[in-house]
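Here are a few notes to read alongside the model. Have a look at the fold before you start.

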Amino acid sequence: MNKRSRRKVLIFAIVFGVAIATVLGLTAFEENLLYFYSPTQVKAGDAPTTHSFRVGGLVVNGSVKRAPDSLKIEFDVTDNTESMTIEYTGILPDLFREGQGIVAMGSMQAGGKFVAQEVLAKHDENYMPPEVAAALEASGKSAKEAAEYTHQSTAK
Amino acid sequence: MIPELGHFALIIAFAVAIVQSIVPLIGAARNQPALIAMARPAAMTQFLFVGLAYAALTHAFIVHDFSVLYVSNHSNLVQPLLYRISGVWGSHEGSLLLWALMLALWTIAVAVYSKNLPEILMARVLAVMGMVSTGFLAFMLFTSNPFERIFPVPLDGSELNPLLQDPGLAIHPPMLYMGYVGFSVAFAFAVAALLGGKLDATWARWSRPWTTIAWSFLTFGIALGSWWAYNELGWGGWWFWDPVENASFMPWLVGTALIHSLASTEKRGVFKSWTVLLAILAFSLSLLGTFIVRSGVLVSVHAFATDPERGVFILGFLIFAVGGSLALYAWRSAAVVSFGRFQWFSRETALLLNNIIFLTAATAVLVGTMYPLVVDAFGVGKISVGRPYFDTMFAYIAIPLLLLMGVGPAIRWKGDNWPRIAKTTSIFFVFSLVVGLLIPFIVEDKLNLATGLGLAGALWVALTTLKDLLSRMMRGLKLPLSYIGMIMAHFGVAVFVAGVTVVMTYHSEKDLRMEPGTSYNISGYEFLFQGTRTVQGPNYIAQEGVIEIWSEGEKTGELLPQKRTYTGKSEPMTDASIDITFTRDLYAALGEELENGAWSMRVYYKPLIRWIWLGCILMTIGGVLAVSDRRYRQSVKQTATKKVTATASL
């Protein structure tokens, strides 16, 4: 091969490599997009039944039920319009409390129960997850409360 | 009184920064030595006043001056001295002040250590750094004044977020900022070179050590953050692909590309305009990182409070800095011509491939981090990108990267022949592949391709790196520190990859419910729970679990995880306990107290996890060694005249 055609091969190889990377990347990206739904949307049947998604809201007071001999926990979250039950097995984050905002990642199981693989609470006492604030705002009942939460200044 | 002095010092620093960013540039444009000579004293003065402001805020923390809002929000009377000093950068306003201090520090470091720089170039570099500083000081003064007073003065302050009360995290932000802000030097050199229209190999030589040392700080800072998350958050993970983590990882990726590209530009005078672009990108991503972390726009476990005014300011600054420098680049870079010629199979090509791989990685992280923001901004919905996306992308990216690392350093500049490289490396290739694939086969009795390839990659890089070192030693070649640094950093990558591969495949994690006196076996280690006791700390009360570790009938250790309640905070904090050896960590964290003295707890077995941070430390040391190389301290003028391969001037 002469110099010019070698250079062409090199450029072709690079373009080909980047194209493959793009295809693989976009595929992985597509598969791992997690959408957020509020309890109202889930109740309305907007949430996917086969894919994982995220759901969030305030933990309903008095709804946390713990299994006596395992780490299984059930609790309700609400956007102040609708509420739904979340089941989780494991250890909840330190900042998980009744009445406070959480986000759960998981999927719907047969029988309409949401089983979470991961439960995130805020990192800080004054902070409300932004999606939860937005969901509360959308439900309209607690817009002011939600706004107050998000605008309080917090530490990292 | 002292906080007012601090505030005043900040205002003076702001004024000086404006002078520093304008006067030397006018001087450089009109060739007026008196104006050019203003750059250094302006930089010194600015450093002095930013330093004074910083000292004033630290003083307020140390003497518990709760009349300062920031102090009363982030410290209280029982807080230990160390965390009052680190409390300065515990939140938004103070960390900006730290950022400004770091920038002033880098600026005078350039002014002091680059004595051989032509005066005009020096004036331009300091002016560009002055502009960055002006932006940050204005941001602080107009939206986030750390010296704001509060009335009535509270008797005691509130607690610094207990998560931040950890020695690792106390030094994590300064290290990270040293790295972030350090890229401003390479950026300033690049913009100054574009302004002057003179981009030659000496430009690369001047900015190279600065870039490398900034990169070392950033590497160490990111590793510290990862180590802190592992220790403190009680989740046992070392990297979460959290937007805040990604914010520091993107400049690191582009910075790594920049280091390699600078090597080509310095040694061979090639890829000049590309290198300039990378320097601009690396610093732009540092600014973007600040924007992401400080504006609170992201859905993140780290999530910060939102403040639209601040967000708009940072965005404006970002557009000015990034847009301005890119426009300058578009205008001026056409005049930059690279004369160096090289064949397709050469070190230059290898380094170019390195750049492509690192930029692909940075793009992957950028897309995963910013896409949810864009979707949210258009009001289409709330989404987030799952961790598997990033894991998958980096698994793909690691393959060509590790392959390249094995051969790249052995390929000669200008051109080499493939048979020569193949002859010396193919044996290592086969050996690594066989051994790498064999290890999981022996351990778990089945073929595990992903793990096998990861281990093979680590082995391949480690062996070829050592082989390169040995063959140079045997041939009696000189081993300059920059070379030793490169070897050490590459070896660090091998250690890192081995650690990541093993911990991802062979870790065990278990959430348990344990009653006192019961035990649980995890990967051959017996965790025996003996119950809990109450422990009083300096500013917290803790429930401390006592967990004995038994291995092969012998007690080998004890874990004492705590659940702490800090004074002034209602919610408890998890403090994990870790039994560390070189080959594995045993990790326990308390969950919640259940009935009958039983606790929910999390126990982990993490093989080779220490290698992840060991690898990062090796990379950091590698960077520091490379910068210590003598040739960067030689009279630059002397070598410059010899080394100039091409100049392009307007």
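**Notes on chain B**

1. Chain B has 19 helices and eleven strands. Helices (H or I, at least four residues) and strands (E, at least two) are DSSP runs, numbered from the N terminus. This is a predicted model, where local features need pLDDT of at least 70, side-chain atom pairs count only at pLDDT 80 or more, and totals for chains, interfaces and linings use all residues. Residues are numbered from 1 along each chain as its sequence is written, while chains are lettered from A and ligands numbered from 1 in the order in which they are written.

2. Now the overall size. A compact globule of 650 residues would have a radius of gyration near 26 Å, and chain B agrees, with 26 Å (taken over C-alpha atoms; the rule is 2.2 Å times the number of residues to the power 0.38). The C-alpha trace of chain B spans about 80 × 75 × 50 Å along its principal axes.

3. Look for an open sheet of four strands in chain B, ordered S2-S11-S10-S9 with antiparallel pairing. Two strands pair if DSSP finds at least two bridges between them. At the edges are strand S2 (508-514) and strand S9 (577-580) of chain B, each pairing on one side only.

4. How many bridges join strand S10 to strand S11 of chain B? Eight, between residues 584-593 and residues 599-607, running antiparallel. Tyr587(B) stands opposite Tyr604(B) in S11(B).
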